[in-house]
Amino acid sequence: MNYNKKTVCDIDIKGKKVLLRCDFNVPQDKVTGEITSDKRIVAALPTIRYLLDNGAAVIACSHLGKPAATFDSYVKKQVEKGKDPASVTEESWKKSLKKLTLAPIAKRLSELLGQEVIFAADVAGEDARAKAAALKGGEIMLLENTRFEKGETKNDPVFAQKLASLAEVYVSDAFGTVHRAHASTAGVAAYLPAVSGLLVAKELDVMGKALDEPKRPFVAVLGGAKVSDKIGVINNLLEKADTIIIGGGMAYTFAKAQGGEIGKSLLEADKMDYALEMIEKAKAKGVKLLLPTDTLAAKEFSADAQPATVDAMKIPEDMMGMDIGPETVKAFCAAVSGAGTIVWNGPMGVFEFPAFANGTKAMAKALAESGAVTIIGGGDSAAAAEQLGFADKITHISTGGGASLEFLEGLELPGVACLLDK
């Protein structure tokens, strides 16, 4: 698909009401509701400030969590959790919604901007319509959680039109949601001229160039638990990369497929044929496919488990692989040291446990010191780079886990496809 999209800088926004889709799906303390990280709010500030400084009236919107938009859907969710439907009350449903209000986001955004953020008590109802109508250039308001409306996740055209009627222009700046065809991420573009914000524009530019015009050698580092999560990514990257490195839990399926013994390690038995197919495809295309030669294994999945270095193809039957081993670390780091472009998605092991974080830490360090254009595709690998202290040395860390994964797969992203082409 075409990633060369118009941005806020390409259109006149002075005096116009702008519906701005942000990603304010921030982590919160489960007890107090306090925001525990405002990184996603901070990431939206450049676009918000650009709009305000250029005289736009900003109507920001976002989802937060996965609220049940109707009482019936709430009952269904509770029953799935094992609750008796007779014990589920409307009061408990309303309490669940209260926990996912965007009111704390409006407060934090006000503090960061140094100006009032008007908060609407609904998404496109009476309060939102009245406040949007009164909004002037240089002012900003925030709508309530878009997922409080049942039409949001269904991309209902009636709700999309209602939401679009609040504004004159739509700006998409929530990269973490562009892979979803929801009313606020794609549907509204049918009723308003739609462009990207500065955050989405940067994601499309950096990741698009990495895939279409990479500085070579182009090395892709893939980790994480499941092969099934990365099937499309591996397939697409085999057409583009010079080297593909596979670590993490998914590597054990590749080992088993080649006749290895993997003990109690993660295995997707139904993906073994696919693993062999990818190995053959890499050979046919002249792409280096690097797999672990040794593994850090343990007898139990625990932070206190005693690590042991074993052959990646001979993991004892009472042990499970938890991280790549020292020889593999050396080989993987050597493979990225001379790269021109490196894309990384997925940790090399159970990095949450210090004893099994070395593979992921070494990979983050190798990327930071490589001198290459380095891109981390959101999710756990982004969290690992930040947690391990290498985030500031990476060229680009994507703000969207699922979106960046689908980007790497080469799939069409509904929230990007709907934007105006340059």
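Trainee: At what angle do helix α11 and helix α12 pack?

Mentor: Keep in mind that this is a predicted model. Helix α11 covers residues 326-337 and helix α12 covers residues 358-369, with their axes 9 Å apart. Angles under 35 degrees count as roughly parallel, and α11 and α12 are therefore roughly parallel to each other. The angle at which α11 and α12 pack is about 20°.

Trainee: Thanks! How many charged residues are in the contact of α11 with α12?

Mentor: Let's look at who takes part. From α11 come Val-329, Phe-332, Cys-333 and Val-336, and from α12 come Asn-358, Gly-359, Ala-362, Met-363 and Ala-366. These residues divide into 7 nonpolar and 2 polar, and the number of charged ones is: no charged.

Trainee: Nice. Moving to another pair, what is the handedness of the crossing of α7 and α14?

Mentor: Start with the geometry: the axes of α7 (residues 198-212) and α14 (residues 401-409) come within 10 Å and cross at roughly 30°. With the cut-off for roughly parallel at under 35 degrees, α7 and α14 are therefore roughly parallel to each other. Their crossing is right-handed.

Trainee: And which residues of α14 make the contact with α7?

Mentor: On the α7 side, the contact is made by Leu-204, Met-207, Gly-208 and Leu-211. Taking both helices, the contact residues divide into 5 nonpolar, 2 polar and no charged. The α14 residues are Ser-404, Phe-407 and Leu-408.

Trainee: Is Met-319 buried or exposed?

Mentor: Good one to check, as Met-319 lies in the loop between β13 (314-315) and β14 (320-324). Leaving aside neighbours within four places in sequence, its contacts include Ile-262, Lys-264, Ala-297 and Ala-308. The relative accessibility of Met-319 is 9%, and buried means under 20%, so Met-319 counts as buried.

Trainee: Zooming out, what is the radius of gyration of the chain?

Mentor: The chain has 15 helices and 17 strands. For its 422 residues the globule rule gives 22 Å, and the chain comes close to that, so it is as compact as a globular protein of that length. The radius of gyration is 23 Å.

Trainee: Last one: what percentage of the residues of the chain count as buried?

Mentor: The C-alpha atoms fill a box of roughly 70 × 55 × 35 Å along the principal axes. Among contacts between residues at least 6 apart in sequence, 73% join residues at least 24 apart. Of the 422 residues, the share that counts as buried is 52%.

Note on methods:
Residues numbered from 1 in each chain as written. Predicted model: local features only at pLDDT ≥ 70, side-chain atom pairs only at ≥ 80, totals over all residues. Heavy atoms only, no water. Axes fitted to C-alpha atoms, helices over the stretch in contact; angles between N-to-C directions. Helix = DSSP H or I, 4+ residues; strand = E, 2+ residues; numbered from the N terminus. Parallel < 35°, antiparallel > 145°, perpendicular 65-115°, else oblique. Left-handed = near helix turned anticlockwise from the far one by under 90°. Contact = heavy atoms within 4.5 Å. Nonpolar A, V, L, I, M, F, W, Y, C, P; charged D, E, K, R; others polar. Rg over C-alpha atoms; globule rule 2.2 N^0.38 Å. Buried < 20%, exposed > 50% of the residue type's maximum accessible area, 1.4 Å probe, protein only.
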